[in-house]
Amino acid sequence: MKVFMYGIEEKYVGGVQNKYGDAEYVDVTECYQDILALPADVVVVNIDCADSMGLAAIREYEEDTKEVEEREYLYLDTETLQLLQRKANK
C-alpha cells in the first residue's frame with residue numbers, strides 16, 4: 001500500500017502511520033501534482049495546512065476519477081490529526 005500525505009506536519013506523521021500500518025508513506029506537500037500523476041492507494045490531506053490551489057486540484061481530481069480509481073481520500077483537520085497522534089503515542 002502507498003499512502004500520500006499532503007500538508008501533514010512531521011509531528012503528525014506517526015498518527016497517520018499508526019492508522020495505516022505497514023505501508024509506504026510519501027510526503028507530497030511540496031508537489032501536490034504527484035497525487036494526480038503517481039499511483040497511491042490512500043491520500044491523506046490536512047485541510048488546515050494545505051494550500052488552497054493544491055487542495056482544490058486534489059478535490060477536483062478525486063471528483064473526476066472516483067468512478068475509475070479505487071483510491072481513498074481523507075481530508076482531516078489539525079484537531080483530528082492530533083487525536084490520531086495521541087492514539088499512536090499510547
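Predicted model: local features only at pLDDT ≥ 70, side-chain atom pairs only at ≥ 80, totals over all residues.

**Notes on the sheet and its surroundings**

1. How many bridges join strand 1 to strand 2? Strand 1, residues 2-6, is joined to strand 2 by four bridges, and the two strands run parallel.

2. Stepping back to the whole sheet, four strands make up an open sheet with parallel pairing, in the order 2-1-3-4. At the edges are strand 2 and strand 4 (72-76), each of which pairs on one side only. From one strand to the next, the twist averages 20 degrees.

3. Now for the helices on the sheet. Helix 3, residues 52-65, packs on the sheet and touches strand 1, strand 3 (42-46) and strand 4. The direction of helix 3 makes about 145 degrees with that of strand 4.

4. Helix 4, residues 78-89, also packs on the sheet, where it touches strand 3 and strand 4. Its angle to the direction of strand 4 is about 105 degrees.

5. One last stop is Ala-23, and it is worth a look on your screen. Ala-23 sits in the loop between helix 1 (13-20) and strand 2 (24-27). Which residues does Ala-23 contact, leaving aside its neighbours within four places in sequence? With those neighbours set aside, Ala-23 is in contact with Met-1 and Val-3. As for Ala-37, it is 14 residues from Ala-23 in sequence and 19 Å from it in space, C-alpha to C-alpha.

Notes: Residues numbered from 1 in each chain as written. Heavy atoms only, no water. Contact = heavy atoms within 4.5 Å. Pairing = 2+ DSSP bridges. Axes fitted to C-alpha atoms, helices over the stretch in contact; angles between N-to-C directions.
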